[in-house]
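Work through the exercises below with the sequence and the model side by side. Try each task before reading its solution.

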Amino acid sequence: MKRDIQILTGQVLAADCRKTIAQATPRELYNAVSKAALDLAADAWKRAPGKRVAYLSAEFLVGRLVYANLLNMGRLGEVQQMLLDAGVDANVFEEIEDAALGNGGLGRLAACFLDSAATQGVPLDGYGIRYQYGLFRQYFEDGFQKETADDWQRFGDPWSVRREEDAVTVQFGGQAVRAVPYDTPVIGYGMKTVNTLRLWQAEPFQAFDFNLFNAQKYAAAVRERDAAEDISRVLYPNDDTDAGKRLRLKQQYFFSSASLQDMVRAYRAAHGGDFTHFADAYAVQLNDTHPTVAIPELLRLLVEEAGMRFADAVQVAHDTFAYTNHTIMPEALEKWDQKLFRGVLPRVYPYVKKLDALLRRTLEQRGVPMGEVSRYAILEDGMVHMARMAIFATHSTNGVARLHTEILKDTALHEWYELYPERFNNKTNGVTQRRWLALANPELAALLHDAVGDGWLTDLSQLKRLEPCADDPAFLARFMDVKREKKRQLAAYVEKHEGVRLHADFLLDVQVKRLHEYKRQLLNAFSILDTYYGLKEGRISRADFAPTVYLFGAKAAPGYVRAKGIIKYINELAELVNGDADVNGLMQVVFVQNYNVSYAEKIIPAADVSEQISTAGTEASGTSNMKFMLNGAVTLGTLDGANIEIAEQAGAENEYIFGARADEIARLQEDGYDPNAVLAAEPRAKRVVESLVDGTFSDGGTGMFRELYASLTEGASWHKPDHYFLMRDFIEYCDARLAVNRDYRDARAFAAKCVRNVANAGVFSSDRTILEYARDIWHV
Ligand code: 475
């Protein structure tokens with residue numbers, strides 16, 4: 001019998017705060033609805049017997065759970081009706097903080113995988129850290145990024161259940177801490193499967209030293225507590241870089257060890273003390289190298305607690321673990337100082353040494369020359385090389401888009417590919433259509449429902465049947481109505497959050513992602529400035545120009561000065577353009593603050609153009625590119641990451657591709673590249689680059705703009721000038737952008753391109769990705 005969520009919610013509210021639905025505050029309502037829903041999911045939240053996958057990740061960027069869970073439970077409509085009946089705004093939960101327990105792509109991918117695994121019935125549990133503070137909140141002051149702490153549990157965390165009985169002990173050198181799991185149900189669409197996201201919280205054994213307190217040593221009385229809690233205090237805000245900090249290594253070991261202890265305990269309970277068949281019970285996926293310390297930790301547990309021989313333990317680890325690489329940025333390849341590693345993890349370090357010795361013997365047996373060994377060694381030049389350990393001790397290494405995997409095999413990890421070609425495989429990323437279409441864009445979902453039914457919710461390839469609709473004028477008209485409505489909704493949201501009135505009738509051109517030099521937000525800004533000059537000076541015809549909103553959203557790592565300089569630059573550009581009445585009917589530049597998952601759910605469905613302009617060969621895959629495609633935006637991008645596969649699926653004629661390809665970039669890196677030659681030959685390029693230093697804009701006297709200018713024209717000790725080839729691609733980019741603008745004026749033809757993107761987005765479902773992992777890597 002289907003129980004009534006309205007009655008349950010009413011009961012929880014009455015018991016917890018003696019209020020009715022109409023009387024409750026948003027947070028009370030949120031807690032009551034969530035509790036009621038959790039109750040309804042309880043029966044399905046059972047562990048099925050058989051092999052399970054543990055997805056180990058330092059980040060799970062789940063965002064706001066309440067709407068997504070209700071959708072998957074089939075209860076969203078009911079709850080919306082309940083709110084309506086009580087006179088409560090259906091968007092009342094937009095006040096609830098996102099759970100921003102991740103930085104960007106890698107963390108959001110993990111969240112999409114959870115949704116897909118539960119929906120497709122793959123027995124997969126996520127394991128990570130329950131950070132007290134997630135990714136920082138961002139605001140702008142005078143155009144500069146400022147950060148504040150993200151206290152995401154402020155309104156409570158009704159979706160998690162503390163499992164005191166499953167707590168384990170994690171031992172660092174002299175410090176022992178408790179790891180207490182908080183379980184969140186991962187509810188598959190239709191609720192046939194409910195998996196678990198288990199996040200560990202660090203706690204002391206003794207919260208408070210009574211004797212020290214009595215001796216008036218107040219700080220000392222809580223010192224143990226602080227030291228333990230510090231471990232799960234805060235998410236490191238670096239994306240694509242590695243800070244190499246002691247506390248980060250502690251975080252990594254904390255959740256890796258706790259998760260493995262959890263599996264070892266369950267295995268022992270089910271199968272007894274013989275661990276030779278551990279890999280038949282668990283597959284463990286390492287989401288980048290962040291949880292790689294799990295490998296020597298498992299060896300330690302198997303040898304010391306299960307009495308296994310080292311060689312046999314290595315075989316079990318090999319069969320159990322698999323590794324995903326998410327970036328080839330050299331600064332992100334994790335290395336730990338050997339002394340630091342040994343100091344923090346004295347019990348684990350011996351197993352790293354043994355692995356390193358085994359690797360060296362293996363290389364010798366395989367005839368690898370002595371001189372080559374240092375390219376492979378786990379312990380080398382005073383460091384512990386985590387990716388090397390991850391490849392050597394696992395059975396699978398995968399990249400996240402076809403080009404990325406080819407680059408791993410051909411260059412970045414070529415020596416490993418030569419050694420173990422059979423271990424390398426590609427798993428092109430995907431996104432969940434439940435969150436990124438059904439939930440974020442119910443208007444488009446309704447249109448699809450009428451055109452092709454609802455099968456796409458669990459089988460996205462069915463969107464292919466939409467293809468003929470691209471030639472149907474009535475359908476295109478409805479599609480354009482949806483876009484208009486999504487822009488209107490976005491404009492209302494932006495007005496509320498930024499105090500800016502967005503032109504909802506303009507072409508919407510969007511770049512939202514972490515701020516990084518390789519993603520080239522600065523190239524985007526230069527091109528906007530070039531367009532501005534072109535319009536003002538008549539090089540671009542005003543009459544022919546489709547008015548455009550250029551929208552940015554991006555957080556810079558707090559220590560990444562150049563990235564922060566680029567934010568300031570774009571905000572200066574916005575001030576110039578938006579403050580010039582002469583172009584106000586044609587251009588608007590908006591940089592939204594605190595871009596996050598919930599903001600993405602508003603922005604992406606409204607976009608016409610998806611900016612994916614990384615230097616070819618640098619963006620491993622990208623995943624927002626897929627979300628834009630699914631919502632019917634065209635891609636303006638380079639042939640990088642998954643853009644290649646997007647253009648292949650939709651047809652290049654339905655995207656706007658420009659710029660140097662990865663092979664050309666590689667050649668330029670080899671043979672030499674001179675951005676100053678471009679600047680000398682191309683006055684338009686020169687002019688926009690000079691805006692960094694000629695007084696057009698002000699960096700408030702920080703020197704940020706001069707430093708950016710130098711990075712382009714002179715380079716720095718660690719890189720050549722214009723390391724990311726902005727000048728190589730500048731004119732081609734401006735041309736491609738103008739082509740989009742020209743095509744947009746034929747509204748129907750443009751809408752047809754958009755619809756062809758939707759129709760061909762099928763392979764970019766994370767359902768497809770997760771089923772490939774299950775078949776090829778996990779064997780479940
Ligand atoms: C890629 N994050 C995207 C996405 O595969 C790709 C690194 C170090 C420390 C903390 N976080 C990181 C990443 O490396 C990351 O997010 N990588 C991204 O992974 C999913 O689509 O191209 O840049």
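**Exercise 1. How many bridges join strand S8 to S9, and do the two run parallel or antiparallel?**

Some ground rules come before the solution. This is a predicted model, in which local features need pLDDT of at least 70, side-chain atom pairs count only at pLDDT 80 or more, and totals for chains, interfaces and linings use all residues. Residues are numbered from 1 along each chain as its sequence is written.

Solution. 
- Step 1: locate the strands. Helices (H or I, at least four residues) and strands (E, at least two) are DSSP runs, numbered from the N terminus. S8 covers residues 168-171, and S9 covers residues 176-187.
- Step 2: count. Four bridges join S8 to S9, and the strands run antiparallel. Two strands pair if DSSP finds at least two bridges between them.
- Step 3: check one bridge. Val-170 has Val-177 in S9 as its partner.
- Step 4: A hairpin links S8 to S9 through four residues.

**Exercise 2. Find the other strands joined to S9.**

Solution. 
- Step 1: take strand S7 (residues 161-162). Two bridges join S7 to S9, antiparallel. Here Val-161 is bridged to Asp-183.
- Step 2: take strand S10 (residues 194-203). S9 and S10 pair over ten bridges, again in the antiparallel sense. Val-180 has Gln-201 in S10 as its bridge partner.
- Step 3: look at the turn. The hairpin of S9 and S10 has six residues between the strands, and Gly-190 takes a positive phi near 85 degrees there.

**Exercise 3. Is strand S4 mostly covered or open, and which strands pair with S4 in the parallel sense?**

Solution. 
- Step 1: A residue is buried if 20 or more other C-beta atoms, placed from the backbone, lie within 10 Å of its own C-beta; 12 or fewer makes it exposed, and anything in between partly exposed. In S4 (residues 124-129), six of six residues are buried, so the strand is mostly covered.
- Step 2: pair S4 with S10. This pairing is also parallel, over four bridges. Ile-129 stands opposite Trp-200 in S10.

**Exercise 4. What is the strand order of the open six-stranded sheet?**

Solution. 
- Step 1: write the order, S20-S19-S18-S21-S22-S23, with parallel pairing.
- Step 2: S20 (587-592) and S23 (656-657) each pair on one side only.
- Step 3: check a pair. Two bridges join S18 (residues 507-512) to S21 (residues 609-612) in parallel. Val-510 is bridged to Ser-610.

**Exercise 5. Describe the two domains and their interface.**

Solution. 
- Step 1: The C-alpha centres lie 33 Å apart.
- Step 2: count contacts (C-beta atoms, placed from the backbone, within 7 Å). 38 residues of domain 1 meet 28 of domain 2.
- Step 3: list suppliers on the domain 1 side. Among them are helix H5 (105-119) and helix H16 (402-412), each with at least two residues.

**Exercise 6. Which residues are closest to the ligand?**

Solution. 
- Step 1: count the shell, defined by a C-beta atom, placed from the backbone, within 6 Å of the molecule. It has 20 residues; the closest are Gly-105, Leu-106, His-326, Ala-620 and Ser-621.
- Step 2: assign domains. Domain 1 and domain 2 each give at least three residues.

**Exercise 7. Is Lys-627 buried or exposed?**

Solution. 
- Step 1: count neighbours. 30 other C-beta atoms lie within 10 Å, so Lys-627 is buried.
- Step 2: list contacts. Leaving out residues up to four places away in sequence, Lys-627 touches Val-431, Trp-436 and Ile-604.
- Step 3: consult the record. An unreviewed UniProt entry lists Lys-627 for "modified residue: N6-(pyridoxal phosphate)lysine"; such annotations may be inferred rather than shown by experiment.

Key. Domains from an automatic or database assignment.
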